[in-house]
Amino acid sequence: MPASRRLRPAATLAASYLYGSVPLVHLLAMRRGVDLRRTGSGNVGGSNLWRSGGGVAAAAVWVFDASKGIAPVLAARRAGCSRLV
């Protein structure tokens with residue numbers, strides 16, 4: 001088995017972890033000039049962004065957060081990882 005094929009699961013796992021760790025809620029709020037830690041409930045989450053930053057930003061964050069569940073699975077399948085890895 002070639003080395004590149006053996007490294008695919010590890011690379012997919014690392015990329016998935018990094019993708020899942022992106023704090024988009026916090027980044028979008030800061031871009032709008034809102035510090036969610038000091039606004040509303042103080043929670044850096046979608047519902048606090050909804051109240052503080054508006055519905056459009058919160059909807060975008062919801063779609064991005066939902067993709068954190070499906071994108072790594074699709075990437076792993078495309079990389080050739082089996083369901084057992």
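Q: Which exposed residues does the face of H3 turned away from its buried side carry?
A: Good place to start! That face of helix H3 carries Trp50 and Arg51. Exposed means over 50% relative accessible area, buried means under 20%, and partly exposed lies in between (1.4 Å probe, protein chains only). Bear in mind that this is a predicted model, where local features need pLDDT of at least 70, side-chain atom pairs count only at pLDDT 80 or more, and totals for chains, interfaces and linings use all residues. Residues are numbered from 1 along each chain as its sequence is written, and side-chain values use heavy atoms, with hydrogens and water left out.

Q: Which residues of H3 are buried?
A: Here is the general idea. An α-helix has 3.6 residues a turn, so residues three or four places apart point the same way. In H3 (residues 46–53), the buried residues are Asn48, Leu49 and Gly53. They lie on the same side of H3 because they cover an arc of only 100 degrees around the axis; the arc is that of the directions from the helix axis to the C-beta atoms.

Q: What do the buried residues of H3 pack against?
A: They pack against H2 and H4. Just after H3 comes glycine 54, with a positive phi of about 110 degrees.

Q: How many helices and strands are there in the protein chain?
A: There are 4 helices and 0 strands, giving the pattern α-α-α-α along the sequence. Helices (H or I, at least four residues) and strands (E, at least two) are DSSP runs, numbered from the N terminus.

Q: Which residues are buried in H2?
A: Look for Val25, His26 and Ala29. The buried residues of H2 fall within an arc of 95 degrees seen down its axis, so they line one face of the helix. Their cover includes H3 and H4. After H2 you will find glycine 33, whose phi is positive, near 85 degrees.

Q: Which residues make up the largest nonpolar core?
A: In soluble globular proteins, nonpolar side chains tend to be buried together. A nonpolar core is a set of buried Ala, Val, Leu, Ile, Met, Phe, Trp, Tyr and Cys residues joined through side-chain atoms within 4.5 Å. Here the largest one has 7 residues: Val25, Ala29, Val34, Leu36, Leu49, Ala57 and Val61. Helix H2 (24–31) and helix H4 (55–78) each supply at least two residues of this core.

Q: What is alanine 29 in contact with, leaving aside its neighbours within four places in sequence?
A: Contact means heavy atoms within 4.5 Å. With those neighbours set aside, alanine 29 is in contact with Val34, Leu36 and Leu49.

Q: Is serine 67 buried or exposed?
A: Serine 67, whose place is in helix H4, is buried, with a relative accessible area of 18%. Beyond its neighbours within four places in sequence, serine 67 is in contact with Tyr19 and Pro72. Alanine 60 is also found in H4, but this alanine is partly exposed, at 39% relative accessible area.

Q: What radius of gyration does the protein chain have?
A: The chain has 17 Å, whereas a compact globule of 85 residues would have a value near 12 Å. The radius is taken over C-alpha atoms, and the globule rule is 2.2 Å times the number of residues to the power 0.38. Along its principal axes, the C-alpha trace spans about 55 × 20 × 15 Å. Buried residues make up 25% of the 85 residues.
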